[in-house]
Amino acid sequence: MSQPLSPWARVQTALAVLAVDPAGVKGLWLRARASDLRARVTAALPPARRLHPSIDDASLFGGVDLAATLAAGHLIRSKGLLADPTPLLLTMAERSPAGLSARLALWLDTQGPCLIALDEGADPDEGLPAALADRLGLFLDLSDLAWSDTEGLSFEAGEIAAARARLAAVRLPDKALESLTKVAFAMGIPSLRAPRLAICAARALAAWRGEDIASDDTLRHAAELVLAHRGDLPAEAPEAEPEQAPPPPPPEGEAGEDSPPEPQEDRLPEDVLLEAIRAALPADLLAQLAAGKAARSAKGSGTGAARKGNHRGRPLPPLAGTPGAGKRIDLVATLRAAAPWQPLRRREAGSARLEIRKSDLRIKRYQQSSDRVLIFAVDASGSSAFARLAEAKGAVELLLAQAYARRDHVALIAFRGQSAELILPPTRSLVQTKRRLAGLPGGGGTPLAAGLRMAFDLAQQARARGMTPTVALLTDGRGNIALDGRADRAQAEADSLQIARALRLQGLPALVIDIANRPQPALRQMALVLDAPYLPLPRADAQRLSGVLQAALGG
């Protein structure tokens, strides 16, 4: 198997693919802070029009040109950025609101050639919205790339033009799409766009390399660029069963006369692609990207749930209404709403003055974020309870040590024996946390349903106080104690799934952390019912658990 692309070769390859077929791969997600290195990379990107996350709908789709309309006395409309099919470059993409992401996603699906998203990655609470991350085919992270590792990034115009001319004639090996789809499924990628984008990247890369048929190396490198950041590679393989001895070969002359030889499939094996993707990534990058992507795609980004107000926060589009009771008028939006009616109103009033009606009034709106609380529901049962509790204690302390710079709270629930216990109510006090965690015992049965029920109640209470709760379930197996305290595995599983459905119906975000030596199908099913990320973390220590939780929570 060939070696994976070096970091700088990956940059060069991705930019070449984007230059050859921008409409096919849809664009690039570039994660890098502002620096000379990022400037060198962006200088080699295709020409694109820049837009900011705070851009309004009028600038995107066009609208009333207020100054020109007031000066001319009749309606004059401006043309929006999305009217022309030209590439766009979104700066500070990690701060894009959901509305802008949805509009750009629709533009990419219908008419947009490509989008380049610059993710500065400075704030761990923010990340590229899922609607864009799913559609942009290529991903580059310049965080660990040094200037000394870089070279020139110029492409000859004739070279790119020749590659574009060859693109339509490039063929792929048989069942290449099937192989890439199986790899995407094995990585837990839910979207069918991923293998399609990988196929487009493979064809563009083959055209750039002058290949009539995409080679195995080209397929591997396309998978590195498109699939690696989208999902979680399979965890450590389970212990292999003892191999059975192969059947003895048939006597000579018997085989081959009645049965034809097995056809050789012209395709790259899925396990080879998986190994190529695994070798191309840093040790901890994939887990953080996958966890953060899953949590943000389900719950949005930011420190807490969005709340709409009229005083401070991120500006939202104005709303028709009357000022007063804390509502402030948006003067520009009001003038924009009144401008198209001025010729008619001036004729009716017989005056040249500006006519403003009550229906023109617009009020300002802002979006704030509420406090966030992470509720640990820890399985403290069985012989390995002490190890699990030590991991949970360490992770809680590590999270709280960083909570002073944010508005985060942490709560801890331990379930063991026949019931669950609230060990630590939502707090930001590190001293109180250490004191409460010091003497936490473990052992006994696994009342998973009781732990989920207490986490559900605590999350509802936190939400009623204006906080944003997230439930993190830390366990290594199925529950065996029902809600009524009986040792009944079937009833315990039914109770757990019922409470999980209640959590999902209430829109409470959750994480399922499987710390068993082998991934447990029951916990994966629990994650599906919760609509929550499933994170298998065998032998996870406190440092790794804390890091994955912060990545999954977007912060």
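D109, D134, R135 and R193 are linked in a network of salt bridges, a salt bridge being a side-chain nitrogen of Lys or Arg within 4 Å of a carboxyl oxygen of Asp or Glu. The structure holds 17 salt bridges. This is a predicted model, in which local features need pLDDT of at least 70, side-chain atom pairs count only at pLDDT 80 or more, and totals for chains, interfaces and linings use all residues. Residues are numbered from 1 along each chain as its sequence is written, and side-chain values use heavy atoms, leaving out hydrogens and water.

**Salt bridges**
- R31 and D119 form a salt bridge at 3.3 Å, N to O, and this pair links strand β1 with strand β6 (residues 115-119), 88 residues apart.
- R31 counts as buried at 16% relative accessibility, and D119 is buried at 0% (buried means under 20% relative accessible area, exposed over 50%, partly exposed in between, with a 1.4 Å probe and protein chains only).
- D484 and R486 form a salt bridge, with the closest N and O atoms 2.7 Å apart; D484 is exposed at 52%, whereas R486 is partly exposed at 40%.

- E211 lies in the loop between α10 (193-208) and α11 (216-226).
- E211 is buried yet has no salt bridge, and the nearest side chain of opposite charge, R209, is 4.8 Å away.
- Leaving aside neighbours within four places in sequence, E211 is in contact (heavy atoms within 4.5 Å) with V170, A206 and T218.

Key
Helices (H or I, at least four residues) and strands (E, at least two) are DSSP runs, numbered from the N terminus. Lys and Arg count as positive and Asp and Glu as negative; His and the chain ends are not counted.
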